[in-house]
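Biologist: Put the model on screen, please. I have a few quick questions.

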Amino acid sequence: MPENPMSETTALLHARPMVPQIAHVRRRRHDAPDAWTLELDMANGERFLYAPGQFNMLTAFGVGEAAISVSGDPAEGPLIHTIRAVGPVSKALTQLGAGDPVGVRGPFGVGWPMAQAEGKDVLVVAGGLGLAPLRPALYRLLGERARYGKVTLLFGARRPEDILFRHEVERWRGRFDIDVEVTVDHATDGWRGNVGVVTTLISRHDIDPSKTVAMVCGPEVMMRFVAMALMDKGLGEEAIYLSMERNMKCAIGHCGHCQLGPTFICRDGPVFTYARLKPLLAVKEL
Amino acid sequence: MPEASSGASPERYVISVDGLRALIKALRARGRRVVGPTVADDAIIYDDIDSLDELPCGVTDEQEAGRYKLAQRGDDAYFGYAVGPHSWKKFLHKPALRLWRAERKGDEVTVEAEPVEPQNFAFLGVRACELKAIAIQDRVLMGGDYVDPHYKAQREGAFIVAVNCGEAGGTCFCVSMDAGPKARQGFDLALTELTSQGAHEFLVEVGSPAGAELLAELPRRPAASNDIDAAEAAVEHTAASMGRHMPEEDVPALLMRNLQHPRWQEVAQRCLSCANCTMVCPTCFCTSVEDHNDLAGAESSRTRRWDSCFTMDYSYIHGGSVRPTVSSRYRQWMTHKLATWHEQFGTYGCVGCGRCITWCPVGIDITEETQAIAASEKA
Amino acid sequence: MENLERILSEHRFFHGLDKDFLELAAGCAKNVRFDAGQFIFHEGEAADQFYLVREGRVALQVSAPGRGAGIFLTIEPGEVFGVNWLVPPYRWVYDAKALEPSRAISMDARCLRNKCEADHNLGYEIMKRLMPVLIERLHETRLQYLDLYRSHA
């Protein structure tokens, strides 16, 4: 994971891993009916370095802390997080405005397999808000385009108005160096695009299993069935990567909450191969 | 971390009861906070010790699944009991610890990390199983990519006086977990209480230079061969009187291939999900965090406190618990302790101290549960 | 007729079907086109055609008062829609509407049913091709039903 050994952010993270560092909100955007994006700048003036797929623990002072994937461009720009308001902490985070302070601990976790994907076709499959943790990977794929083969994004959302980063997805769709297919679970009159689950897009899509890497993110049920659909297309378990989520309190492998079988999601994940996950996902309430 | 030199036989001495008294005094004179066993609330717990008189002299414990009772011994042994509801994690991995404070002035927030305050502990009476438990928590909290600075501060300064058990506790199974009863490493000094030869003495093994230095201040004599024999006999007697044991086989593999075994439903009929076992277990390390703030919103802080995988909140995500049933939570605890811990940290999480068996209100026995699953495969 | 056979054989649904069966099936088939926005059939009408999409996109939808039309599936080229022709009472249970200018093969349902009844081997070939479509749709419908992307707030 990219760490500048000279950076104060990194040094403090290791010296006091449970103490947040201060960042300020540069801007807040409303990216989907229940999702807001915060653009942050570290108070110490350093650029926040991270790998696509990693996450931070964000503190809403006075409320609490939550694990949120980084959803920006690792190569440039502010530190970006897309947050869905589902509990008191995420709600408080989505209500922050320009200038407000936020606590940041991170980056944590194993991210998307960008190195393993070099020279290969990359199939990115996103469901709902799962596009947010995948967006840094897409920026990397498009930003260093020559390193990768065919790049495809298959994106399933709930309804047309729930399509996350819609304008950006439309722009990607207009490019010649990436294939973008979008579908929604249901729609009303006025939507002329695909309707159906995202697994339908997979069965329609042709891949060369011998040189494809898949990166999948979305609700766990969706990821399970997407993995199955990808395997039906001949893709091997080792070539399918999922990003998992569990309850997190420390993100440093000390609190025990994020365990899935023998893995700590914060430390061994959140990105895992389907080969690693398959036996774990097969046991209910593991 | 003090370790006995492997291979070479450690130096051994004998001290009297006065010597033990002097040991405690000498530790306190060095500014150490001495913590050891003492009687409180009808149990032998670990607390600050001012002098030898506070130790449970002539007291023993009677333990069985779901039962704990103190009783009078026929002698004046100072360590004539097994382990109680406390473990040393109470001091190394504090039950409640403030992590940081934040102060808000308008849009500006400043965060102040809670200063690390080494307590300069001296632990008196650490059993072999507990030494192993401490080493296990060392691996979890200091041996990964991130180090817990609070644990580290208490741990690195701690002086450890171990005690070799002269009798097996009612629920002990350290032998089958390869965690005792002999203290082998991780101590500065190790005592074996000798009351069988007329005099009341302690065989002392030196485990570190710091231990040797302290011992040099105490009245002592070199150990004679009969002292050493008596000490070894005591430990052997303890090892031979274990009341329970884990099955001989590959327990991690056994449990991981039986994740859907009906025994999990069966134990869930009895388990109250009360979390006692996790509280008393010397290796359980799970914590949670809580944010607090004053009414004006100007000051906030975060506290870390012990947590348990038995609570419904523990695995809460997306509107519900990943483990909503008692059976899945019991399975999580037991498979973590005996199976997945291996993959995570290279050892068992269990040291066979028996606390979870003793302090379970319904007397669930982790060895019995494992035996039941193993037996069902042979049936 | 020959041209229709070729067109049928090129459609994914009939891929690999015996030449004799193709000929039989082609006897029930005709080419159809739809304009964007054109309804192909309405809920309640007699289900008397089986459609194989060649070009464009077709929406399957159900209308509810106060809610307008709810599209639950879109059909792409190479796919099929309309299965109620198979079972009595042979009635459509949803609307089908072309979202774009579309071309399809339309197969007369009674003709196809009669031919399958007369030649069970043809019948079995048709069934073998329809069952995977139905099973896949059932699975997808269940996933849609779970509403996986909804917020848990």
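Biologist: Start with Leu22(C). What does Leu22(C) touch, not counting residues up to four places away in sequence?
Modeller: Leu22(C) touches Glu5(C), Leu8(C), Ser9(C), Phe14(C) and Leu17(C). Contact here means heavy atoms within 4.5 Å.

Biologist: And the ground rules?
Modeller: This is a predicted model, where local features need pLDDT of at least 70, side-chain atom pairs count only at pLDDT 80 or more, and totals for chains, interfaces and linings use all residues. Side-chain values use heavy atoms, without hydrogens or water, residues are numbered from 1 along each chain as its sequence is written, and chains are lettered from A and ligands numbered from 1 in the order in which they are written.

Biologist: Where is Leu22(C) placed?
Modeller: Leu22(C) sits in helix α2 (residues 19–26) of chain C. Helices (H or I, at least four residues) and strands (E, at least two) are DSSP runs, numbered from the N terminus.

Biologist: Why does Leu22(C) count as buried?
Modeller: Because its relative accessibility is 7%. Buried means under 20% relative accessible area, exposed over 50%, and partly exposed in between (1.4 Å probe, protein chains only).

Biologist: How far apart are Leu22(C) and Glu5(C) in sequence and in space?
Modeller: They are 17 residues apart in sequence and 6.0 Å apart in space, C-alpha to C-alpha.

Biologist: New topic: salt bridges. How many over all chains?
Modeller: A search of the whole structure gives 58. The rule wants a side-chain nitrogen of Lys or Arg within 4 Å of a carboxyl oxygen of Asp or Glu.

Biologist: Which side chain meets Arg105(A) in a salt bridge?
Modeller: Glu65(A), at 2.7 Å, N to O. Arg105(A) is in strand β6 (residues 101–108) of chain A and Glu65(A) in strand β4 (residues 64–69) of chain A, so the pair ties together parts 40 residues apart in sequence.

Biologist: Are those two buried or exposed?
Modeller: Arg105(A) is buried, at 1% relative accessible area. Glu65(A) also counts as buried, at 13%. Glu65(A) forms another bridge, with Arg302(B), the closest N and O atoms being 3.0 Å apart.

Biologist: Pick one residue in α10 of chain B.
Modeller: His336(B) is in that helix. It counts as buried, at 8% relative accessibility. Its side chain makes a polar contact with the side chain of Gln344(B), at 2.8 Å. Leaving aside neighbours within four places in sequence, the contacts of His336(B) include Gln259(A), Phe285(B) and Trp341(B).

Biologist: Last topic: the open sheet in chain B. What is the strand order?
Modeller: β3-β2-β8-β9-β10-β11-β1-β12, eight strands with mixed pairing. β3 (43–48) and β12 (221–222) are at the edges with a single partner strand each, so one side of each has no neighbour in the sheet. Two strands pair if DSSP finds at least two bridges between them.

Biologist: How many residues of β8 in chain B are buried?
Modeller: Six of six, for β8 (residues 121–126). It pairs with β2 (residues 33–40) in the parallel sense over three bridges. Four bridges join β8(B) to β9 (residues 159–164), also parallel.

Note on methods: Polar contact = N/O pair within 3.5 Å; in protein donor to acceptor, adjacent residues only side chain to side chain.
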